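Here's a quick briefing to read alongside the model. Have the sequence and the 3D view open as you go.

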Amino acid sequence: MSASSRSGERVSGWTYVLIVVLMVPFLFPLFWMFLSSLKTQVQNTAYPPVLAFTPTLDNYREVFQKNPFFTFAWNSLVVAAGSTGLALLLGLPGAYAIARFKRTGIALAILTARMAPGIGYLIPWFILFTKAKLIDTYTALILTHLIVALPLVLWVMIGFFEDVPGELIEAGRIDGCTHWAAFLRIAIPLAKPGIVATGILAFIFSWNNFLFSLIVAGFKTRTLPIAVYNFLSYEEINWGGLTAAATVITLPVLALALLVQKHIVRGLTLGAMKG
Amino acid sequence: MPSVGAGWSRFVERHPAPVFTFPAVVVVFVLMVFPVLYTLYMSVHSWFASSVTAPEWVGLGNFRRAFVDDDRFRNALWLTVYFTGLATLLQVVLGVTLALLLNRPFRGKGLVRSIFLLPMVATPVAIALVWMMMYNPTLGVMNYLVGLVGLGPYKWVSNAAVVIPALVVVDTWEWTPLITLIALAGLATLPLEPYESAKIDGASATQMFWRITLPLLRPAIIVALLFRAIDCLKTFDIIYVMTQGGPGFASETLNVYAFQVGLFYFHIGYASSLLVILFALVLGVSLLLIKVRRGAW
């Protein structure tokens, strides 16, 4: 099968039919989310589901008017940018050294850290943050999100730095570059697409984070996923508002991912492909 | 102070690896080793997060309680294995099948890859809410869709007998694309020669698939499978948002149970011992993974 695919077989119309059929299930829930966000509550609770309707933006208006949604978005942004920035600052030199000097022991330790269940990290930090009166602060949120971001940056960037040709680094070293200069002026520019993708991946995981924010964030620092989760506790679920809010938090993430899709796919699959 | 700066530069130049990795290693150590040690310590104590009473040493009492006296724990352990097994199996079979179907020349490969990316990066809380709506027994579109082929109606996540498969569907929707992308990358690097010689020997397409494609893909698939198994064991977001472990305890996996015990009942000691057990499970799969990556398989 794979052999025949490479010998330049002609593409038939059926191939496209097949591909569309295979892709529809992966798009449908997101499509349904967006569609429901444009419906009234009456249309959303109708059965069988309404497909022909006049779209309304009322749900979006309501989400922004009834809730401090911009504050939640700002909180999410600060925490995601803070933890991603810190993870890159700490992780890039580390990943470069692990890749260049073959420190597989450290890489393995980081992999193990990535494997441990998040709640195991959360309970001790929760108790410590409570004692230090740090619950509901950006500091605590950024630190807990760093638990995800730092191993991610290290692990994925090891792969991207391994792709940087060693000869280029060697050539720079012969021209008198220090190790630090070789890292800054040769490796970083060459790995830039990978760095951007890894940064975006870390940002997305922080933006999406539910578990840590659920416990560590309070009223002042509530992030978007927690805000949307809280909508569920209303007596009657307002499906239009809920899907509008879900669309608003998902859209930036999808846009970011599509911006650098090729490298993000590499980043996501790198962990499983290497070795 | 040029001399100090120069001395520091010389030091970095002589020991690049330790200096470059030091900040990251220290932060990983502080962020992660402290909680691990704390959890291990608490797992042999009984403590209700109270500032008045100190943790009381109970030895292996928490573990005995879990395995001997706690039905809820045994239920959670079984559900964790059930969820992980079903989800991993489904995702690998579907993911590899999709990759084989898509491994042909056509225009718009970039678009297909973009579509596959969306479920993986979309915010899990948002995903969970949309699926809750789709699964809703009275207004949900899922009952309408299965009704078109004469099935249902089901109560989906409100039915104790169906809740785990229903949650597996959500996780499968999210993560099958990862397996497909990994398998597609593997298929792109397959050598042509084995197929050519097999063709000369008169092998059928089916034979070539089972004898050549699958064995060559196996390392990539096994690694992807173990990565998914590790993440499935720890699934939290979609379960907590969609069912909070219910109905009853019908979808309360170990992770969700530990969360409730630790951060709802504040029985830190017992929750810690549950997390030690969960981590042991994850570590078992991880060790398998490391063994596979070293090529021992």
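A quick definition to start: the bend at a residue is the angle between two fitted axes, one for the seven residues ending there and one for the seven starting there. With that in hand, α2(A) has a kink of about 45° at Leu27(A), shortly before the proline Pro29(A). Keep in mind that this is a predicted model, where local features need pLDDT of at least 70, side-chain atom pairs count only at pLDDT 80 or more, and totals for chains, interfaces and linings use all residues. Residues are numbered from 1 along each chain as its sequence is written, while chains are lettered from A and ligands numbered from 1 in the order in which they are written.

**Helix α2 of chain A**

- Helices here are DSSP runs of H or I with at least four residues, strands are runs of E with at least two, and both are numbered from the N terminus.
- α2(A) has 25 residues and spans 34 Å from first C-alpha to last, close to the expected 36 Å (1.5 Å times one less than the number of residues).
- Its buried residues (20 or more other C-beta atoms within 10 Å of their own, with C-beta atoms placed from the backbone) include Ile19(A), Phe26(A), Pro29(A) and Leu30(A).

**Domains of chain A**

- Chain A splits into domain 1 (12-58) and domain 2 (59-273), with bounds from an automatic or database domain assignment.
- The C-alpha centres of domain 1 and domain 2 of chain A sit 31 Å apart.
- Across that boundary, 10 residues of domain 1 of chain A are in contact with 11 of domain 2 of chain A (C-beta atoms, placed from the backbone, within 7 Å).
- On the domain 1 side, α2(A) gives the most, with four residues.
- By class, that side of domain 1 of chain A has three nonpolar, five polar and two charged residues; Ala, Val, Leu, Ile, Met, Phe, Trp, Tyr, Cys and Pro count as nonpolar, Asp, Glu, Lys and Arg as charged, and the others, Gly among them, as polar.

**Where chain B meets chain A**

- 90 residues of chain B are in contact with 87 residues of chain A.
- Helix α2 (residues 16-43) of chain B gives the most to the chain B side, with 16 residues.
- That side of chain B has 72 nonpolar, 12 polar and six charged residues.

**Chain B overall**

- Chain B comes to 13 helices and two strands.
- Its radius of gyration is 25 Å, well over the 19 Å that the globule rule gives for 297 residues, so chain B is more spread out than a compact globule (the radius is taken over C-alpha atoms, and the rule is 2.2 Å times the number of residues to the power 0.38).
- Of the 297 residues of chain B, 44% count as buried.

Note on methods:
Two residues are in contact if their C-beta atoms, placed from the backbone, lie within 7 Å. A residue is buried if 20 or more other C-beta atoms lie within 10 Å of its own, exposed if 12 or fewer, and partly exposed in between; C-beta atoms are placed from the backbone.
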